[in-house]
Amino acid sequence: MRSFTSASLLDGSGLSLALAPGLTPAGLSESPEFFSGFAVAPTVLARGLLVLADVARTRGSDPICTANGDRLRFEAFSACNTVAVRLDLLAGAFDGGDIRHGTTNVDINQPLREALGGVSPAELMHLSVGDGGLRVSTPEATHVERRVELPERWLRALGPAQELSRDLTLIGQAPAVQTRQLLASLASAPGGLGHWSISRRGVRPALRPGRGTVYAENLGRLRAARRLGQQITGLRVYGAGDGAEAASVWELALPHGRLTFTLTAEYHRS
């Protein structure tokens, strides 16, 4: 497990997001610095981080952050281990800045969630993955986040999450309007279970299982994505090509990025 070298801080100069020591191609860095730049769509960044915190649902939600040279990636897992969520922001999501390479985990606690929830589309939002932290313009309060450790079960889950989605194929795509309608319908319903068809008409229960359908229990596991609302521009769904009861991947398109949910076939077991 890794602990944070400093605490997250929100004050009059901005919001600094504390980081744990980071792994880079040159080795472990106690003061990782992977990226610094302005968000082109600040609500996508802010609400995307909140989605990860919602899925994790822990007292100290600390997503894993990876800089891959061409993108920033944030990942988290649900407490029940049936959902892995990933936010990928490509270089076009930022104005300036050089995305380097490295991996660390970031501290998102309740005061920070409240600050991110207040970010507006027109707000100047600066992101610094490293000692500079995540900076939001003109904050009016000060909050200090407690130090937390990255859950060991998250480290153990990274490999299996990739293995679950390795052999999946594209089942179908849905446009923006139908995708938003699906997410809105999950607000008051668990999302059902069984096989689903995905097309330009949206996501609907399949008349019969088989090729061209995907199996997933409880689509309510996607409910956290409602935070991104109008920013979502479409949906791609991947699953076993023969409609078998296997894991599925639900990829929501965003401006200069994507939000991806990997769901186990069954909701009640990992």
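Student: Which residues on the other side of α2 are exposed?
Tutor: This is a predicted model. On that side of α2, Glu114 and Gly117 are exposed, a term that requires a relative accessible area over 50%.

Student: Which residues of helix α2 are buried, and what makes them a single side?
Tutor: In α2 (residues 110-117) the buried residues are Leu112, Arg113 and Leu116. They cover an arc of only 105° around the axis, so they are on the same side of α2.

Student: What makes Arg227 and Asp54 a salt bridge?
Tutor: The cut-off is a side-chain nitrogen of Lys or Arg within 4 Å of a carboxyl oxygen of Asp or Glu. The N to O distance between the side chains of Arg227 and Asp54 is 2.5 Å, so the pair qualifies. Arg227 lies in the loop between β17 (214-215) and β18 (234-239), and Asp54 in helix α1 (residues 42-56), so the bridge ties together parts that are 173 residues apart in sequence.

Student: How many salt bridges does the structure hold, and which ones involve Asp88?
Tutor: The structure holds 5 salt bridges. Among them is the one in which the side chains of Asp88 and Arg86 meet at 2.8 Å, N to O; both of these residues are buried. Asp88 also forms a salt bridge with Arg258, where the closest N and O atoms are 4.0 Å apart.

Student: What does the pair of Asp88 and Arg258 tie together?
Tutor: Asp88 lies in strand β8 (residues 83-90) and Arg258 in strand β20 (residues 257-263), so the pair ties together parts that are 170 residues apart in sequence. Asp88 counts as buried at 0% relative accessibility, whereas Arg258 is partly exposed at 23%. Salt bridges that share partners join Arg73, Arg86, Asp88 and Arg258 into one network.

Student: Why is β7 said to be largely enclosed?
Tutor: In strand β7 (residues 71-77), 7 of the 7 residues are buried, so the strand is largely enclosed by the rest of the structure. Both faces are covered: Arg71, Arg73, Glu75 and Phe77 are buried on one side, and Leu72, Phe74 and Ala76 on the other.

Student: How do you know that β7 pairs with β6 and β8?
Tutor: Two strands pair if there are at least two bridges between them. Strand β6 (residues 64-68) and β7 have 4 bridges and are antiparallel, with Ile64 opposite Glu75 in β7. β7 and β8 have 7 bridges, also in the antiparallel sense, and Phe74 stands opposite Leu87 in β8. Both counts therefore meet the rule.

Student: Which residues take a positive phi in the two hairpins?
Tutor: In the hairpin of β6 and β7, with 2 residues between the strands, Gly69 has a positive phi near 90°. In the hairpin of β7 and β8, with 5 residues between the strands, Asn81 has a positive phi near 65°.

Student: What makes β16 and β17 edge strands?
Tutor: 3 strands form an open, antiparallel sheet in the order β16-β15-β17. β16 (202-205) and β17 each have a single partner strand, so one side of each is left without a neighbour in the sheet. Strand β15 (residues 195-199) is joined to β16 by 4 bridges, and Ile198 stands opposite Val203 in β16.

Student: How do you know that the length of α1 agrees with its number of residues?
Tutor: At 1.5 Å a residue, the 15 residues of α1 should span 21 Å; the end C-alpha atoms are 22 Å apart, which agrees. Since 14 of the 15 residues are buried, α1 is largely enclosed by the rest of the structure. Just after α1, Arg57 takes a positive phi of about 50°.

Student: How many cavities of 30 Å³ or more are there, and what lines the largest cavity?
Tutor: The count is 1 cavity of 30 Å³ or more. The largest cavity has a volume of about 50 Å³, and its lining includes Ala39, Val44, Leu89, Phe94 and Pro255.

Key:
Residues numbered from 1 in each chain as written. Predicted model: local features only at pLDDT ≥ 70, side-chain atom pairs only at ≥ 80, totals over all residues. Heavy atoms only, no water. Buried < 20%, exposed > 50% of the residue type's maximum accessible area, 1.4 Å probe, protein only. Arc of directions from axis to C-beta. Expected span 1.5 Å × (residues − 1). 1 Å grid on protein atoms, 1.4 Å probe; cavity = no way out; pocket = protein on both sides within 12 Å on 5 of 7 lines; lining within 4 Å. Points joined across faces, edges and corners; volume = space filled by probe spheres on them.
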